[in-house]
Amino acid sequence: MSNTGLEVFEKTLQETNIWLKDICLAAEIERHFAWRILGAVLRATRDRLPLELAVHLGAQMPLLVRGAYYDQWAPGAAARPGRSPEDFAESISAYLGGMRPIDAVGAIGAVFATVGRHVSPGEVQKVRRALPAGIRALWPAPEPERMTGIDAGQHARGPGR
C-alpha cells in the first residue's frame with residue numbers, strides 16, 4: 001500500500017532514496033547530511049553550466065532531486081566564478097552554511113559518482129566537458145558496467161569498426 005496514494009510521489013521517493021543511499025555509502029555520512037550535500041553540489045554544478053545543458057541535466061533527475069537542483073536558481077544570472085577545485089569546494093561549504101566540517105572533495109566525488117550512475121552517459125559526458133578542468137577532475141571516471149553491449153563492443157574496437 002502506498003503512503004502517499006500517488007504513484008509519481010512514490011516513484012520519486014524511491015529514486016531519491018537510491019541516490020541518497022549511494023551518497024551515504026560513498027561519503028560515509030548520514031542521510032540528512034547526504035541530502036544537503038546533494039543539493040549543494042548540484043546547485044554549484046548547475047551554476048557553472050550553460051543554461052541549456054543545465055536544463056537537460058535537471059530533466060534526468062528524480063522529481064525531488066530536481067527540486068533541490070533548481071532551488072534558488074536565477075537562470076539569467078551570470079555563471080558563477082571559480083574554476084579551481086578549491087573554489088568549487090568553497091562554494092559547496094557556502095551552500096551548506098557552515099553546518100559542520102566536511103571532506104568537500106569526497107562529498108563532491110560521491111555526488112558526481114551518483115549522478116554518473118543515474119543520468120545517461122551522454123548527458124554526463126556533456127556536463128563533464130562543460131565544467132572547468134579543475135572541477136572536472138573531481139568527477140570520477142565513468143563506470144564501465146554502465147555501457148550497453150553495443151557501446152562496450154564499440155568502445156573495445158573503436159567507433160565504426
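**A helix pair and its surroundings**

Author: The axes of helix 3 (residues 51-59) and helix 7 (residues 121-130) come within 10 Å and cross at roughly 145 degrees. Axes here are lines fitted to C-alpha atoms over the stretch in contact, with angles from 0 to 180 degrees between N-to-C directions. Helices are DSSP runs (H or I, at least four residues; strands are E, at least two), numbered from the N terminus. This is a predicted model: local features need pLDDT of at least 70, side-chain atom pairs count only at pLDDT 80 or more, and totals for chains, interfaces and linings use all residues. Residues are numbered from 1 along each chain as its sequence is written, and side-chain values use heavy atoms, without hydrogens or water.

The crossing of helix 3 and helix 7 is left-handed, that is, the near helix is turned anticlockwise from the far one by less than a right angle. Helix 3 brings L53, H56 and L57. Helix 7 meets them with E123, K126, V127 and A130. Contact means heavy atoms within 4.5 Å.

The protein has 9 helices and 0 strands. Of its 161 residues, 39% are buried (under 20% relative accessible area; exposed is over 50%, partly exposed in between; 1.4 Å probe, protein chains only). Among contacts between residues at least 6 apart in sequence, 68% join residues at least 24 apart.

Next, charge. The whole structure holds 3 salt bridges (a Lys or Arg side-chain nitrogen within 4 Å of an Asp or Glu carboxyl oxygen). R117 pairs with D22, closest N and O atoms 3.3 Å apart. This pair links distant parts of the chain: R117 sits in helix 6 (residues 104-118), D22 in helix 1, 95 residues apart. R117 counts as partly exposed because its relative accessibility is 27%. D22 is at 18%, so it counts as buried.

K11 bridges to E15, at 3.8 Å between the closest N and O atoms. The two are 4 residues apart in helix 1, so about one helical turn separates them. D47 and R46 form a salt bridge at 2.8 Å, N to O. D47 is buried because its relative accessibility is 10%. R46 is buried too, with a relative accessible area of 2%.

Last, T12. This residue is in helix 1. T12 is at 6% relative accessibility, so it counts as buried. Setting aside residues up to four places away in sequence, T12 touches P62, L63 and L64.
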